[in-house]
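Take a look at the model below. We will then walk through it piece by piece.

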Amino acid sequence: MASTPEQREVLPGSPSPPTRPPGLWRRWGRAFRDQTVFLPALWRSPQTVGAVCPSSRALARAMLTGHNLRQAGLVVELGPGTGAFTRVILEALGPTTRFFALEVDAGAVRHLHRVLPHVEVFHDSAERLDEYVVRSGRPQVDAIVSGLPWAVLPEDLQRRIMTQVAGCLRPGGGFSTFAYQHARHSTAGRRYWRLLSTLFAQVTVSPTVWWNLPPAVVYHGVK
Ligand SMILES: C[S@@+](CC[C@H](N)C(=O)[O-])C[C@H]1O[C@@H](n2cnc3c(N)ncnc32)[C@H](O)[C@@H]1O
């Protein structure tokens, strides 16, 4: 179960407000540590990572707009990487919400087991989402948050994963994913958008999240 949010940094005995926002050093330390996991993964398999660095907290927050994770029974993340979205998801879950993530990169899975030991992260492909939903004991998924790099995934793999997503979500359940601003009108970007529009009754596009490298938009589909 992953309902406990990460511990927040406290500055014991601090007589006056610190000159820097609390947690800044900790966040930089974490960003550095995440990058030491992200870059080797990118080197090993650029076509499954499809990004130059982990997503920002601003993009993570935008990914959760439109979901009510506190009331959800089951929430799933696809492609958590070093946990940029995972940490924000954990903060939003309700006390009885079940959460798990599927990730294909072994290094990223080891990293997440180390830094977020209470979170269920399975070393497997999002193509097998349905098997893990059955294992969870919950009938359907309320919300799916995806960090998968659609623009670099082959079309048949995109289709297999998206069929799983649409099949596992409950009616009314939400799916969010992102597209880099510069790539969303490419051939692969447009193809993914068409696929999304055929699978969901309603798909919205967020304003551009500029505080991300590179800037991105969030697609939110409701089944
Ligand atoms: C662009 S990175 C995003 C990582 C993180 N969500 C973020 O936004 O910083 C894409 C992640 O998806 C993972 N991935 C790619 N194909 C996958 C698949 N079929 N199933 C599960 N994870 C996959 C990669 O290993 C990588 O960690």
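Which residues point one way from E2, and which the other way? Arg-98, Phe-100 and Leu-102 point one way, while Phe-99, Ala-101 and Glu-103 point the other way. All of them are buried, where buried means under 20% relative accessible area, exposed means over 50% and partly exposed lies in between (1.4 Å probe, protein chains only). Six of the six residues of E2 are buried, so this strand is largely enclosed by the rest of the structure.

A word on the source. This is a predicted model, in which local features need pLDDT of at least 70, side-chain atom pairs count only at pLDDT 80 or more, and totals for chains, interfaces and linings use all residues. Residues are numbered from 1 along each chain as its sequence is written, and side-chain values use heavy atoms, with hydrogens and water left out.

Now step back. The protein has eight helices and seven strands. Helices (H or I, at least four residues) and strands (E, at least two) are DSSP runs, numbered from the N terminus. Buried residues make up 50% of the 223 residues.

Next, the sheet. Seven strands form an open sheet in the order E3-E2-E1-E4-E5-E7-E6, with mixed pairing. Two strands pair if DSSP finds at least two bridges between them. E3 and strand E6 (202-205) stand at the edges with a single partner strand each, so one side of each is left without a neighbour in the sheet. E1 and E2 run parallel and are joined by five bridges. E5 and E7 run antiparallel, with seven bridges. Ser-176 stands opposite His-220 in E7.

H4 lies across E1, E2, E4 and E5, at about 170° to E1. H6 lies across E1, E2, E3 and E4, at about 155° to E2. Axes here are lines fitted to C-alpha atoms, for helices over the stretch in contact, and angles run from 0 to 180 degrees between N-to-C directions.

Stay with helix H6 (residues 129-136). Leu-129, Tyr-132, Val-133 and Ser-136 are buried there. They cover an arc of only 105° around the axis, which puts them on the same side of H6. The arc is that of the directions from the helix axis to the C-beta atoms. The face turned away from this buried side carries the exposed residues Val-134 and Arg-135. Just after H6, Gly-137 takes a positive phi of about 85°.

What about the interior? A nonpolar core is a set of buried Ala, Val, Leu, Ile, Met, Phe, Trp, Tyr and Cys residues joined through side-chain atoms within 4.5 Å. The largest one has 30 residues, and Leu-59, Val-75, Phe-85, Ile-89 and Phe-99 have the most contacts inside it. Apart from it lies another core, of 29 residues, among them Trp-150, Met-162, Ala-179 and Val-203.

Finish at Thr-177, in strand E5 (residues 169-180). At 0% relative accessibility, Thr-177 counts as buried. Its side chain makes a polar contact with the side chain of Trp-150 (2.7 Å). A polar contact is a pair of N or O atoms within 3.5 Å; within protein, one must be able to donate a hydrogen and the other to accept it, and residues adjacent in sequence count only if both atoms are side-chain atoms.

Notes:
Contact = heavy atoms within 4.5 Å.
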